[in-house]
Amino acid sequence: MEDQLIYLGLATFFGLFMAWGIGANDVANAMATSIGSGALTVRKALVVAAIFEFGGAVLAGGEVTSTIRRGIVDSSYVVGDPQLLIHGMLAALLAAGVWLLFASRRGWPVSTTHSIIGSIVGFAVVALGVEAVEWVQVVTIVASWVASPLMAGIIAYIVFNSIQWLILIRPDPLVRAQRYAPVYIFITISLIALVTILKGLTHVGLELTFAQSCTIALGFGAVVAIIGAWFVRRIPVDKKAERKFHFATVERVFALLMVITACSMAFAHGSNDVANAIGPVAAVISVARSGVVGQASPVPIWILVLGGFGLVLGLGTFGRHVIATVGGRITNLTPTRGFSAELAAAFTIVFASGTGMPVSTTHTLVGAVLGVGMARGITAINLGVVGRIFVSWIVTIPAGAALAIVFFYALQLAFG
Amino acid sequence: MGNYISRIFGASPVRPLQDHMQTCYLCAKELVAFFGHVAKADWDQAQSSRERIVELEQEADDMKRQIRGQLPKSLLMPVPRQDLLELLLVQDRIANLARDVSGLVLGRRMSIPPPIQQEFLAFVSRNVDAAKKARKSIRELDELYESGFRGAEAELVESLVNELDEIEDETDVMQARIRAQIFAIEADLPPVDVIFLYRVLELTGHVGDMAERVGRRLELLLSH
């Protein structure tokens, strides 16, 4: 293919642009709860996000990237003309990027995931026909968009209730917080590590048995829990703050735990959302390089690295500003609540990443926050805004699809 | 688009409710100074005391309106919105009563008959004590939200409300005693003054009643 280099260049450029946009905008949503509850400063959040977004993208981003690369379009329909797939994927990337840019300027709550899936489905239906779309897969993905906020909400409800029963309603909440904090750390780390090791690491080239994976995950959880316990014991009791608010020190314990869930959130976001930028890139590159469609090689790791790099770049250039704005506005989310929500959301997203489901980080987090709200944890939640956020994905899909179709024909014209 | 997740968190009504209670308490507290000046027939001082009361009452009114405005129906809250609004209303009544009673006394340049003066001043400050205890209970509101209105914190509030009830019972006893004293001397006083004296006694006693109702409302929040 004579246009191979141009396609490679365009795909890389569009993918980086998209990853940059996700880093600049979406990461703020993932990190906002940490900053809003005072668990992290903006500077620390940036460092945490950069490290763990990158880690999540590279270590656990493979499954979702595979889904977007070749799970939605049935490649047998483009065997004769691989260029169609290349143009389509480029158009989808561009459409999702442009739509996100437009929507974010207007302050609309849109999901990166929903727009990229909408775009790919849109181009596939128009360019290749309705039967070229893997509808079973698409329906599964859409079902996961309903399931993920629900699952996060239920987990958050359970986690927050456990914090209430074990700690907050007791006469000695601080002693109990110190006792149970390492347990919560252990559970969080072990679960996320387990899912990552079981599902994600094959893309890095590690093959482990189930027993090995469990041992490593539990061991990792235990080590972090011991370190965490040491830090928890070092939290001083602030008598002055306690007089004003009896749970001041308990909340400080959970602020520490939130550092861990914030890392998990960044990791989870990186593992799921990196695919939105580089899934199409991976598709374009594998076709453009080999000229063949549909070979089953794993996603090359350098593409995941590229995506991770793009995320961090966006975070570094615009993330600071956005994170500060978002975090500053969340005032009534205390660390016990933030911890419950983030733990639930991070676990759900990592689980989705492991099973290759592209879910919306924001929707999952909103679901988790609602779960805490249902457990009577949050003083006031704007149900109107929640409704708008959930309705937005219905709008996002046709918008992404329409734009993708336009760009697809433009590319077809340009490359004859 | 980064900022919409923050918009799902509505403004918390807890601090504003606590601030409102504080203002209402300060308003009621000024009654002690006010009646002190009235007892000495120092009308200039009573006048400035009354102005402070009016000022605080207006402040409380503004706060009340603002809190109402930030509690739209679409909020998901741990306690029913209606219960919070009613708590707010009861708190506000304390300030209203302070305004009404001071206005009445100052407007008519009423004097407290010397035989009941001491007991009456004690009655005023006991009512203000009730308001103070109500404020103390409301100060636990943030802790109640934190612990989900259950457990040790709920018990603490329960005991505060009980103390509040005891103070209110005391004011009832005092009120009955003062009423009897007024009755004993009422034949020697101008009849119109007597009527208003009973009225002032009653209004002042309502301060304690309202403080008790703040406690009742708080208990209602616990029972959800």
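**Contacts and fold**

Modeller: This is a predicted model. In it, 44 residues of chain A are in contact with 28 residues of chain B.

Biologist: Which elements of chain A give two or more residues to the side that touches chain B?

Modeller: Helices and a strand both contribute. The helices are α1 (4-36), α4 (82-106), α6 (135-168), α11 (301-329), α13 (361-374) and α14 (383-414) of chain A. The strand is β1 (381-382).

Biologist: How many residues on that side of chain A are nonpolar?

Modeller: Three are charged and 17 are polar. The nonpolar residues number 24.

Biologist: How many helices does chain A have?

Modeller: Chain A has one strand. Its helices number 14.

Biologist: What is the radius of gyration of chain A, and why does chain A count as compact?

Modeller: The globule rule gives 22 Å for 416 residues. Chain A comes close to that, so it is as compact as a globular protein of that length. Its C-alpha atoms fill a box of roughly 75 × 45 × 35 Å along the principal axes. The radius of gyration is 22 Å.

Biologist: What share of the contacts in chain A with a separation of 6 or more joins residues 24 or more positions apart?

Modeller: Burial first: 60% of the 416 residues of chain A count as buried. As for those contacts, the share from residues 24 or more positions apart is 88%.

How values were computed:
Residues are numbered from 1 along each chain as its sequence is written. Chains are lettered from A and ligands numbered from 1 in the order in which they are written. This is a predicted model: local features need pLDDT of at least 70, side-chain atom pairs count only at pLDDT 80 or more; totals for chains, interfaces and linings use all residues. Two residues are in contact if their C-beta atoms, placed from the backbone, lie within 7 Å. Helices (H or I, at least four residues) and strands (E, at least two) are DSSP runs, numbered from the N terminus. Ala, Val, Leu, Ile, Met, Phe, Trp, Tyr, Cys and Pro count as nonpolar, Asp, Glu, Lys and Arg as charged, and the others, Gly among them, as polar. The radius of gyration is taken over C-alpha atoms; the globule rule is 2.2 Å times the number of residues to the power 0.38. A residue is buried if 20 or more other C-beta atoms lie within 10 Å of its own, exposed if 12 or fewer, and partly exposed in between; C-beta atoms are placed from the backbone.
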